[in-house]
Amino acid sequence: MKPDLGPHDVHIVVNTVTDKAKCHVPGESEPRWVVPCRNEGVAGPGWDRPYGDTPPGLWEIVRVEEIPPGDPDINAYGPVYLWLQEMEGQARAVGRAGIGWHGGGSGLPAPLAPRQGWQVTHGCLRSQNVDLTRRVVPTVRYTHARGGRVWLTVSRDQ
């Protein structure tokens, strides 16, 4: 399902083949930004099982949560966690819930570094901390402040 974009909305498309997230703004022919983004789950390839890859489909980024220093989850998630709301029941249909977009990585040598490296998740999208804090989060906050919505499509299409 493709979202019906309002004048203040943005649409981020995560391509799980190219491992890129592209931000599309209504009226602009080229993406506003492109950042690396991965979707591999610890259960291995496939999204139809707990802790597998991020389920494809339409989501909405509904909230940005800053992870405070000292929080026991900061290494796992990095400095920010973006809450995704499924719009098509794609996660619930296979018994999954609580999927987001974050950085970090508990098993990495420097999970809070700007470019921390890559580690699989329990089904969330993962990007580099610097890409989230400098590109994604400002886009989400600006869009929400203007009354817009941030749509996110996870796609396997090239």
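1. Let me start with E60, which is buried, at a relative accessible area of 9%. Here buried means under 20% relative accessible area, exposed means over 50%, and partly exposed is in between, with a 1.4 Å probe and protein chains only. Accessible areas come from the Shrake-Rupley method with a 1.4 Å probe, and for residues only the protein chains shown count as cover.

2. Two words on conventions before going further. This is a predicted model, in which local features need pLDDT of at least 70 and side-chain atom pairs count only at pLDDT 80 or more, while totals for chains, interfaces and linings use all residues. Residues are numbered from 1 along each chain as its sequence is written, and side-chain values use heavy atoms, with hydrogens and water left out.

3. Which residue does the side chain of E60 meet in a salt bridge? The partner is R149, at 2.8 Å from N to O; a salt bridge is a side-chain nitrogen of Lys or Arg within 4 Å of a carboxyl oxygen of Asp or Glu. The pair links distant parts of the chain, 89 residues apart: E60 sits in strand β4, and R149 in the loop between α2 (129-145) and β8 (150-155). Helices (H or I, at least four residues) and strands (E, at least two) are DSSP runs, numbered from the N terminus. R149 is partly exposed, with a relative accessible area of 34%.

4. D131 and R115 meet through their side chains at 3.3 Å, N to O. Because D131 lies in helix α2 and R115 in the loop between β6 (100-102) and β7 (125-126), this pair ties together parts that are 16 residues apart in sequence. D131 is buried at 8% relative accessible area, whereas R115 counts as exposed at 55%.

5. The other pair is R92 with E86, whose closest N and O atoms are 3.1 Å apart. R92 is exposed, with a relative accessible area of 57%, while E86 is buried at 13%.

6. The search runs on a 1 Å grid over the protein atoms alone, and a pocket is an open set of points where a 1.4 Å probe fits, with protein on both sides within 12 Å along at least five of seven lines; lining residues have an atom within 4 Å of a point. Of the 25 lining residues, Y77, G98, H102, H122 and C124 are the closest to the centre. The elements that give two or more residues to this lining are α1 (74-77) and β5 (80-86).

7. On the surface, V42, Y51 and V120 form a nonpolar patch with about 270 Å² of accessible area together. Such a patch joins nonpolar side chains (Val, Leu, Ile, Met, Phe, Trp, Tyr) within 5 Å, from residues with over 30% relative accessible area and no salt bridge. V42 is placed in the loop between β3 (33-36) and β4 (57-66), and is partly exposed at 45%.

8. Please also check the backbone at two places. Y51 lies in the loop between β3 and β4 and has a positive phi of about 65 degrees, although it is not a glycine. D19, also not a glycine, has a positive phi of about 55 degrees and is found in the loop between β1 (10-15) and β2 (20-24).

Methods: Patches are made of residues with over 30% relative accessible area and no salt bridge: like charges are joined within 9 Å, nonpolar side chains (Val, Leu, Ile, Met, Phe, Trp, Tyr) within 5 Å.
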